[in-house]
Amino acid sequence: MSQRAQPNYIPALTGVRAMAAYLVFISHFAYIFDESFPHIVQRFLGEFHIGVSIFFVLSGFLITFRYYQNFDGLSKPWFMQYLKNRVARIYPMYFLLTVAAFVYYFITKDETITKGYEHPVALMLMNITFIRGFFYQFWDTGIAQGWSLTVEECFYFSAPVIFLIAKRFGQFYIQPVILTLTGILLYFIFSHINWHGFFGNFTFVMLFTFLGRCFEFFVGIQLARYVLKKGFTRTNKVNYTYTGFLLIFVCVFVMALQPIPKGWAAGVESPIGIIVNNYFLCIAVALFFYGILTETTLFKKFLALPFIELLGKSSYIFYLIHLGWIYNLMHTWFDHLNDLVFELYDRWGVTWHSPFQYDALNLLYAFIVLNILSVTLFKLIEEPLNHYIRRSNFLVKYKPSGTKSIV
């Protein structure tokens with residue numbers, strides 16, 4: 001049975017993944033637009049890190065939508081199968097690209113990979129095991145944006161326990177409160193212990209760890225629980241798709257207006273920014289998702305187009321490669337091509353503009369090349385490895401189910 005025939009597969013939500021990855025891409029290169037637009041535009045684009053929040057809410061929704069209804073306890077076979085699916089989905093490309101980043105470091109000694117840490121092998125092990133995401137000193141080493149994978153993995157391991165507590169003990173809403181307070185408590189304990197910043201910075205804890213970001217996952221979980229209970233039909237006429245989408249960018253604008261704290265890069269790291277990002281933005285995202293799930297709009301049809309769906313499937317790789325050593329190599333190539341073009345112009349005796357002269361245009365080239373590379377890696381490596389692991393006897397003996405899933 002194909003994915004499109006599955007009740008737990010929603011093509012438009014796969015398209016949302018591409019949108020989220022592209023928002024993060026824009027946020028990392030917003031500085032390029034500062035010379036051509038008012039500074040507030042650059043600040044606004046710089047808060048497009050909201051793509052990460054979209055991923056977190058989406059993860060909460062999809063895992064719950066897939067597993068919650070039939071969850072009846074933490075049996076070993078169930079957990080092993082669940083863990084196997086998670087490994088197949090996330091780990092192979094993360095492992096390969098992380099190792100590639102450190103190979104690049106060992107060849108070039110580019111300290112953007114290690115941030116100056118003098119034990120690169122130990123750091124590589126911390127990266128491939130996701131442990132680096134618990135340390136303020138190491139969170140942005142290796143594939144810097146991969147910090148969010150530590151948050152995701154913490155959620156994946158927590159989800160069965162969250163389900164168990166919610167279904168067996170009827171306690172759901174108190175869980176994110178307890179988790180957040182645990183993160184704050186760890187900060188108060190370890191902020192006085194200089195151990196590589198392990199839970200040692202409040203902003204880091206609230207924005208870069210699962211304990212700080214857990215509310216976003218719980219919003220996704222609650223959306224799935226509501227949909228599983230109520231279904232996809234509605235009686236009210238509220239346009240949740242566009243209302244939620246508008247509110248998302250209201251949150252972006254509020255964060256763009258906040259002063260950037262010293263040592264950080266965006267308004268999200270301010271106190272108001274943390275509150276808006278962690279507790280208001282995710283609600284807007286959930287409203288947007290609810291509209292995607294229950295309404296028929298042009299936006300939904302666009303996100304469900306086969307080409308956008310393909311970009312969504314490859315967006316995980318795009319997210320992992322859009323920033324860091326691969327992009328830096330591309331930028332170096334563009335500079336080299338620009339020099340070659342001007343040498344050619346000198347020989348011709350002309351003063352034309354170079355197609356590689358402008359940073360904004362080079363960013364567009366990079367965006368296109370990164371997407372081509374992402375789709376290629378998805379088709380040749382990620383998808384085959386995903387299927388191979390799921391059909392193997394890794395962790396639990398393979399039992400054909402006759403169905404496919406995006407999670």
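Arg 89 is buried, with a relative accessible area of 11%. Buried here means under 20% relative accessible area, exposed means over 50%, and partly exposed lies in between (1.4 Å probe, protein chains only). The model is predicted: local features need pLDDT of at least 70, side-chain atom pairs count only at pLDDT 80 or more, and totals for chains, interfaces and linings use all residues. Residues are numbered from 1 along each chain as its sequence is written, and side-chain values use heavy atoms, with hydrogens and water left out.

## Salt bridges

Arg 89 pairs with Glu 382 in a salt bridge, at 3.0 Å from N to O. This pair links distant parts of the chain: Arg 89 sits in helix H4 and Glu 382 in helix H16, 293 residues apart. Helices (H or I, at least four residues) are DSSP runs, numbered from the N terminus. Glu 382 is buried too, with a relative accessible area of 4%.

A salt bridge is a side-chain nitrogen of Lys or Arg within 4 Å of a carboxyl oxygen of Asp or Glu. Side chains of opposite charge can pair when their charged atoms come close. A search of the whole structure finds six such bridges. The table lists three of them, including the pair above.

| Arg 89 | Glu 382 | 3.0 Å |

In the pair of Arg 43 and Glu 47, both residues are buried.

## Glu 216 and helix H9

Glu 216 is found in helix H9, residues 210-230. An α-helix has 3.6 residues a turn, so residues three or four places apart point the same way.

Glu 216 is buried, with a relative accessible area of 0%. Arg 213 also counts as buried, at 5%. What does Glu 216 touch, not counting residues up to four places away in sequence? The contacts (heavy atoms within 4.5 Å) are Ser 53, Phe 56, Val 57, Asn 277, Asn 278 and Cys 282.

## Cysteines

How many disulfides does the count come to? A disulfide is a pair of cysteine sulfur atoms within 2.5 Å. By this rule the count is zero. Cys 214 is in no disulfide: the nearest cysteine sulfur, that of Cys 282, is 10.0 Å away. Cys 214 is buried, with a relative accessible area of 0%.

For Cys 251, the closest cysteine sulfur is likewise in Cys 282. The distance is 8.6 Å, too far for a bond. Cys 251 is buried, with a relative accessible area of 10%.

## Helix H3

Helix H3 covers residues 50-67. Is it enclosed or open? Of its 18 residues, 17 are buried, so H3 is largely enclosed by the rest of the structure. Its length also fits expectation. The expected span is 1.5 Å times one less than the number of residues. For the 18 residues of H3 that gives 26 Å, and the end C-alpha atoms are 26 Å apart, which agrees.

Helix H5 spans residues 120-128. Its buried residues are Pro 120, Leu 123, Met 124, Met 126, Asn 127 and Ile 128. What covers them includes helix H4, residues 76-108.

Lys 115 is in the loop between H4 and H5. Its phi is near 55°, a positive value in a residue other than glycine. At 41% relative accessibility, Lys 115 counts as partly exposed.

Phe 130 lies in the loop between H5 and helix H6, residues 147-168. Phi is positive here as well, near 70°. Is Phe 130 buried or exposed? Phe 130 is buried, with a relative accessible area of 11%.

## A nonpolar surface patch

Tyr 358, Leu 361, Leu 364, Ile 368 and Ile 372 form a nonpolar patch on the surface. Together they have about 440 Å² of accessible area. Areas come from the Shrake-Rupley method with a 1.4 Å probe, and for residues only the protein chains shown count as cover. Patches are made of residues with over 30% relative accessible area and no salt bridge; like charges are joined within 9 Å, nonpolar side chains (Val, Leu, Ile, Met, Phe, Trp, Tyr) within 5 Å.

Leu 364 belongs to helix H16, residues 359-391. Leu 364 is partly exposed, with a relative accessible area of 43%.

Methods
Helix = DSSP H or I, 4+ residues; strand = E, 2+ residues; numbered from the N terminus.
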